[in-house]
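Hi everyone, thanks for coming. I'd like to walk you through one structure today, so please have a look at the screen.

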Amino acid sequence: MLFTVVPALCPAAVAEITPHNTPTNLAVITLQKDVTDLEIQEALDNLPDAGGEVILPAGRFEITEPIVLERDNQTLRGAGAETILYLADNANCPVIVMGEAFNVPTNAVRHLRVSDLFIDGNRAHQQRELWRLEGEGSEIRNNGITVQNVCDSTIEHVTCARCRSGGLVTTLGVRRLVVRDFTAFDNEFDGLACYLTEDSTFAKLFLHDNSGAGISLDLAFNHNVIENALLAANDLGIFMRSSRNNQFNDISIRDSHDYGVFMAQAIAAPQTKCTNNSFTNLITENCRRAAFRINDISCTNNIIIGAQFDDPHLGLSLVHPDLVTVK
């Protein structure tokens with residue numbers, strides 16, 4: 001099956017368009033290094049209904065509006081860290097949105113992939129955290145990547161730095177997302193933040209020097225796996241509320257300005273408790289406060305297996321005894 005360039009797509013933006021060598025035979029559009037953000041979006045929008053892949057070469061691409069992947073089977077792939085999406089001064093928007101870019105998306109989008117990119121949010125030259133001030137989109141934060149109402153999708157080999165809100169944020173019904181080889185640093189808030197996210201895997205993470213948490217889990221983060229992560233020099237290593245039945249494997253937390261792990265419920269909202277989470281091979285070093293703090297008696301049935309805390313006096317901090325099982 002052959003694809004041709006849709007006439008609306010600027011011919012100068014496209015180096016080639018060929019079928020993807022997969023069983024579904026999806027299209028591949030390879031862009032040139034001098035394309036604009038509007039031409040990147042146009043290439044995604046002009047992929048066939050069956051989907052396909054847009055490939056960016058090495059180079060710096062200035063982003064003035066979010067790049068949005070909102071149809072099934074769309075991929076945006078760069079050439080690695082040399083492909084830089086740089087948010088323009090005063091753009092005040094997220095760099096990439098995976099899913100419909102509405103406050104309340106109505107359709108779940110499936111089989112998206114973003115890979116091999118460096119995102120620079122240029123936060124020193126953005127004025128606010130929220131994209132748009134009124135109307136649809138006004139509740140979307142200016143993250144490096146915002147993922148909402150997306151299923152069966154992948155983010156890999158991506159760095160998000162210097163974003164006005166968070167590095168990578170998942171929300172509003174994310175299911176079966178795989179995040180692999182992800183780095184986030186120097187963001188205004190969290191390196192990775194997850195809300196309303198289930199059955200997903202986050203592996204090989206390097207989250208450091210973020211002004212908020214390395215990882216923030218707040219509101220229905222359930223049945224997920226986070227593994228092989230280094231969280232260094234963030235305000236707090238892992239912040240957790242309303243998180244259940246998750247596995248944390250081989251996590252190292254170093255030099256947190258506050259706690260290593262902080263587990264709680266929302267104020268006066270016991271339904272937001274953290275329960276049945278397991279931490280295997282958790283290592284903490286040089287946290288300014290306790291390595292692991294459980295702040296509410298509703299947070300029960302959590303397990304710590306094989307932990308190493310560098311200062312036993314600043315190890316576990318429990319609001320009430322017997323809130324955690326240590327093995």
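Let's start with strand β18, residues 213-222: nine of its ten residues are buried, so the strand is largely enclosed by the rest of the structure. Please keep in mind that this is a predicted model.

Which strands does β18 pair with? One is β20, residues 236-244, which runs parallel to β18 and is joined to it by seven bridges. Another is β15, residues 192-194, also parallel, with three bridges to β18. Then there is β16, a strand of residues 197-198, again parallel to β18 and linked to it by two bridges.

If you like to follow along residue by residue, here are some pairs to find. Ala193 has Ser216 in β18 as its bridge partner. Thr197 is partnered with Phe221 of β18. Phe221 also stands opposite Ser243 in β20.

Now let me move to another spot, Asp37, which belongs to helix α1, residues 37-45. Where is the nearest side chain of opposite charge to Asp37? That would be Arg132, and it is 12 Å away. A salt bridge needs the charged atoms within 4 Å. Asp37 has no salt bridge, and yet it is buried.

So what does Asp37 touch, once we leave aside neighbours within four places in sequence? Its contacts are Glu62, Ile63, Thr64, Glu65 and Ile67.

That's my tour, and I'm happy to go back to any part of it.

Note on methods: Residues are numbered from 1 along each chain as its sequence is written. This is a predicted model: local features need pLDDT of at least 70, side-chain atom pairs count only at pLDDT 80 or more; totals for chains, interfaces and linings use all residues. Side-chain values use heavy atoms; hydrogens and water are left out. Buried means under 20% relative accessible area, exposed over 50%, partly exposed in between (1.4 Å probe, protein chains only). Helices (H or I, at least four residues) and strands (E, at least two) are DSSP runs, numbered from the N terminus. Two strands pair if DSSP finds at least two bridges between them. Lys and Arg count as positive and Asp and Glu as negative; His and the chain ends are not counted. Contact means heavy atoms within 4.5 Å.
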